[in-house]
Amino acid sequence: MKVRFPHHGPGHGFSCLPRPDGAVSRREFLKRQMRGALYLAAGAAGILDVGNLVLPRDALAEAGPDIALATGRPAAATRAAVELLGGMAAFVKPGDRVVIKPNISFPNPPEAATTTHPEVVRELAVMCREAGASRIMILDHTLYDRTACLEQSGVAAACESVEPGMVQALGDARFYREAAIPLGVSMKSTRVMADVLDADVLISAPVAKSHSSAGVSLSMKNLMGLIFDRSVMHSRHDLNVAIVDLVSLLRPALAVVDATRVLTTNGPGGPGKVDVLDTVIASRDPVAADARAVLLSEWYGRRFAPRQVRHIALAHERGLGRMDVENLRESRVAV
């Protein structure tokens, strides 16, 4: 099975050069992404352990927004945000194997805003089932005791009615497989959950929260919970560079940022100041989703621009997505 994660990057001469004002037009960005992806797919077939590179289904989509924001109760806002992008059927096709990656690393209740709201995760799973997914896995490599995290976060119980046992915290090495990172600048390989490497669709569904090392923890930082040894990203590499390296390997088809509650201080584990925003952000572009989340809230008592978050700026510079959200199309809805 070849995964259909959208992989983008500046390798082999492909680059996305900004206009003098620092932005590129949407059409030009998509053209360059298409040329780069075609070149990589033709010239680098077989390099990735996860299969041949292919274009995302929506690579040429001009209709619809780049970023969707919905406000309301967690489940309703999640569904509404994804519907603004064309619905889950735009990302998941009948028979697809899907991995949803929430943040469930901490044994805290949803109110603490250290974990993805259980209703957000459940609604994504329901929508994937409605789209015809053959298998839906909700996976994380928790930082704390797996049983406590699954129970206290509320995610396992919320999803049990969708499919028993679909939520798993995988800590054993046997669940991981070595994968090369051809576009990695610092981190050239890592052990990734085998279920992720074998899946057709990856959805990153983090809670929006501050982070003592990375500044914020959003859809890109969230991917660290899919590898066996995340500590090396802190100890052997520049963390921000390694985050972007990982995104170049495991770029999600859909990013859904749970900003229903935002942990604005003392992240990632809290306790800290929690802002209740009742908002869900969705995008095909994880860089754009994260950039929009940065603008949505205060962090550490002040406002920041996306370019001030180093891994967001690096991902933009490496052509993995766009942080210039002011130049992107946004749709909003209240439910």
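Is Cys149 buried or exposed? I looked it up: Cys149 is buried, at 0% relative accessibility. My cut-offs are under 20% relative accessible area for buried, over 50% for exposed, and partly exposed in between, with a 1.4 Å probe and protein chains only.

**Ground rules.** I am working on a predicted model, where local features need pLDDT of at least 70, side-chain atom pairs count only at pLDDT 80 or more, and totals for chains, interfaces and linings use all residues. Residues are numbered from 1 along each chain as its sequence is written, and side-chain values use heavy atoms, with hydrogens and water left out.

**Cysteines.** I searched for disulfides (pairs of cysteine sulfur atoms within 2.5 Å) and found 0. Cys128 is buried, with a relative accessible area of 0%.

**Cores.** I then turned to nonpolar cores. I count buried Ala, Val, Leu, Ile, Met, Phe, Trp, Tyr and Cys residues joined through side-chain atoms within 4.5 Å. The largest core has 58 residues. Val192, Val196, Met233, Leu246, Leu250, Ile281 and Ile312 touch the most other members. Helix α8, residues 239-249, gives the most to this core, with 8 residues. Helices here are DSSP runs of H or I with at least four residues, strands are runs of E with at least two, and both are numbered from the N terminus. Another core, of 40 residues, lies apart from the largest one; Ile104, Cys159, Val167 and Ala205 are among its members.

I checked Ile312 for contacts, meaning heavy atoms within 4.5 Å. Leaving out residues up to four places away in sequence, Ile312 touches Met220, Val287, Asp290, Ala291, Val294, Pro306 and Met323.

**Helix α2.** What does α2 pack against? Its buried residues meet β1 (67-71), α3 (118-130), β10 (254-263), β11 (274-283) and β12 (330-334). The helix spans residues 74-84, and its buried residues are Pro74, Ala75, Ala77, Thr78, Ala80, Ala81 and Val82. Gly86 follows α2 and has a positive phi, near 110°.

**Backbone.** The loop between β10 and β11 holds Pro268 and Pro271. I looked at the peptide bond before each. Gly267 and Pro268 are joined by a cis bond, with omega about 10°. The bond from Gly270 to Pro271 is cis, with omega near 0°.

Ala113 has a phi of about 60°. Ala113 sits in the loop between β2 (97-102) and α3, and is buried at 0% relative accessible area. Asp278 has a phi of about 50°. Asp278 lies in strand β11 and is partly exposed, at 33%.

**Rings.** How many aromatic pairs does the structure hold? I get 3. Rings of Phe, Tyr and Trp (its six-membered ring) pair if their centres lie within 6.5 Å; planes under 30 degrees apart are stacked, over 60 edge-to-face, the rest tilted. Phe106 and Tyr144 form a tilted pair, with centres 5.6 Å apart and planes at 45°. They are 38 residues apart: Phe106 is in the loop between β2 and α3, Tyr144 in the loop between β3 (135-140) and α4 (146-153). Phe106 is buried at 6%, whereas Tyr144 is partly exposed at 48%. Tyr300 and Phe304 make an edge-to-face pair, with centres 6.4 Å apart and planes at 90°.

Last, I checked for a charge over a ring, with NZ of Lys or CZ of Arg within 6 Å of the ring centre and within 35 degrees of the ring normal. The charged end of Arg191 sits over the ring of Phe228, 5.6 Å from its centre.
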